[in-house]
Amino acid sequence: MSSAIGSIVVLSGGMGGARFLQGLQHGLRAGTLPGVAPDAAVTVIGNTADDCWMHGLKICPDLDTVMYTLGDGIDPERGWGRREESFHVKEELAAYGVEPTWFGLGDRDLATHLVRTQMLDAGYPLSEVTRALCRRWQPGVELLPMSDDRVETHLVLADDDAPSGKRVVHFQEYWVRLRASVPALDVVVVGLENARPAPGVVEAIAAADLVILPPSNPVVSVGTVLGVPGLRDALRATAAPVVGLSPIVGGTHVRGMAHQLLETVGVEVSAGGVARHYGARADGGVLDGWLVDERDAAEVAGVTAAGIAAAAVPLMMTDHDATAAMAAAAIRLVRPDAGA
Ligand code: GDP
Ligand code: CA
């Protein structure tokens, strides 16, 4: 008999990760996660490569999505930003002709960015700022930014009007203004190679009993977290099993733009393609286990052949019960002894 799972680390992007975490917490509360202690601690290592500066404010979309979702402040329809939001400041800025006008900065949300920016200006690192913001929201997890250093994802696009034939846009502009509607030639994550893991990140992975890669974007969410120097080494060194859940279902993304960006970085757009991209831990990668959706059951053999334990289960996060069942299946895959 092995000991109960007392600490879980989740590497998360924004909406996909936050939704998964809601289900995980639901499973914890309901006691439906095999072998997991009822008081298990969850540490979230959040992507900060979506971060941007706008109107003089530091905005951390993925950290805020996790914080608002788990703290019950999210707008459930949009999946980002605050509920009962208004956009007066955005309208006033637009009336002044101040760019960018396409970013949805809500009035309530603005308070978060003001507090964050003031604290950063006063010299606090992002990890401490995030902790302070979470004191209000009580997300029930420890939310750590992947790094306190500035990291920003940019996309290289074709532009016939530019002398080089290319131009570069920030991730937010690609996603929010362009709706990922034009193909990206390349993904450039500025600052990533010099970023250091935030305090507590490597320690949390080392101390974990289980590490989960939820259905988050494999390129611009989980990919950027894994790109922080030292992160992969920590994952390879931990005694905890590392299990992921495919964000690709039936050959494409469920939401977002994983499809486009996987093509950009030359990864096969399939549940198995993403698993092989992450790689088997025994083979220099990061995964011990990988769940694919039922309709991708034919991919299981290819993933197993790559040295990664795999199974096909329903992977649609339709409600908290369904998502908790996904978390339970992930645990069973890599800890078959758990709660047996
Ligand atoms: P982030 O990557 O977590 O910041 O957030 P996104 O919402 O942009 O990406 C989430 C990823 O998870 C996308 O690639 C989606 O295709 C995928 N995804 C979203 N909802 C589901 C779901 O219900 N099930 C599965 N398996 N994947 C999902
Ligand atoms: Ca994101």
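Gly 244 stands opposite Trp 290 in β13. The model is predicted; local features need pLDDT of at least 70, side-chain atom pairs count only at pLDDT 80 or more, and totals for chains, interfaces and linings use all residues. Residues are numbered from 1 along each chain as its sequence is written, chains are lettered from A and ligands numbered from 1 in the order in which they are written, and side-chain values use heavy atoms, with hydrogens and water left out.

## Strand β10 and its partners

Three bridges join β10 to strand β13 (residues 289-293). The two strands run parallel. β10 also pairs with β9, again in the parallel sense and over three bridges. Here Val 211 has Val 242 of β10 as its bridge partner. Strands count as paired if DSSP finds at least two bridges between them. Strands themselves are DSSP runs (E, at least two residues), and helices are runs of H or I with at least four; both are numbered from the N terminus.

The side chains of β10 point two ways. Val 242 and Gly 244 point one way, Val 243 and Leu 245 the other. All are buried. Buried means under 20% relative accessible area, exposed means over 50%, and partly exposed lies in between (1.4 Å probe, protein chains only).

## Strand β6

β6 (residues 152-158) has six buried residues out of seven, so it is largely enclosed by the rest of the structure. Strand β8 (residues 184-190) pairs with β6 in the antiparallel sense over six bridges. In that pairing, Val 156 stands opposite Asp 186. Strand β7 (residues 166-170) is also antiparallel to β6, over five bridges. There Ala 158 stands opposite Lys 166.

Helix α1 covers residues 15-30. Its 16 residues reach 23 Å from first C-alpha to last, close to the 22 Å expected at 1.5 Å a residue. The expected span is 1.5 Å times one less than the number of residues. Buried residues of α1 include Gly 16, Phe 20, Leu 24, Gln 25 and Leu 28. What covers the buried residues? The cover includes β1 (5-12), β2 (36-46), α2 (61-70), β9 (210-213), β10 (242-245) and α13 (320-334). Just after α1, Gly 31 takes a positive phi of about 70°.

Helix α13 is among those covering elements. Its 15 residues should span 21 Å at 1.5 Å a residue; the end C-alpha atoms are 22 Å apart, which agrees. Among its buried residues are Thr 323, Met 326, Ile 331, Leu 333 and Val 334. At the start of α13, a side-chain oxygen of Asp 319 reaches to within 3.1 Å of the backbone nitrogen of Asp 321.

## Ligand 1

How many residues surround ligand 1? There are 20, and the closest are Gly 14, Ser 216, Asn 217, Val 254 and Leu 315. A residue is counted here if one of its heavy atoms lies within 4 Å. The table lists polar contacts, that is, pairs of N or O atoms within 3.5 Å; within protein, one must be able to donate a hydrogen and the other to accept it, and residues adjacent in sequence count only if both atoms are side-chain atoms.

| Residue | Protein atom | Ligand 1 atom | Distance |
|---|---|---|---|
| Ser 216 | polar side-chain atom | oxygen | 2.7 Å |
| Val 254 | polar backbone atom | oxygen | 2.6 Å |
| Leu 315 | backbone N or O atom | nitrogen | 2.6 Å |

The protein covers 93% of the 580 Å² of accessible area that ligand 1 has on its own. Accessible areas come from the Shrake-Rupley method with a 1.4 Å probe; for residues, only the protein chains shown count as cover.

Ser 216 also touches Ser 221. Ser 221 sits in the loop between β9 and α8 (222-227). Its relative accessible area is 6%, so Ser 221 is buried.

## Backbone points in loops

Glu 84 has a phi near 50°, a positive value in a residue other than glycine. Its loop runs between α2 and α3. Is Glu 84 buried or exposed? At 62% relative accessibility, Glu 84 counts as exposed.

Ala 180 is not a glycine either, yet has a positive phi of about 50°. The loop between α6 (171-177) and β8 holds Ala 180. With a relative accessible area of 4%, Ala 180 is buried.

The peptide bond from Glu 99 to Pro 100 is cis, with omega near -5°. Pro 100 lies in the loop between α3 (88-95) and α4 (107-121).

Note on methods. Contact means heavy atoms within 4.5 Å. Lists of a residue's contacts leave out its neighbours within four places in sequence.
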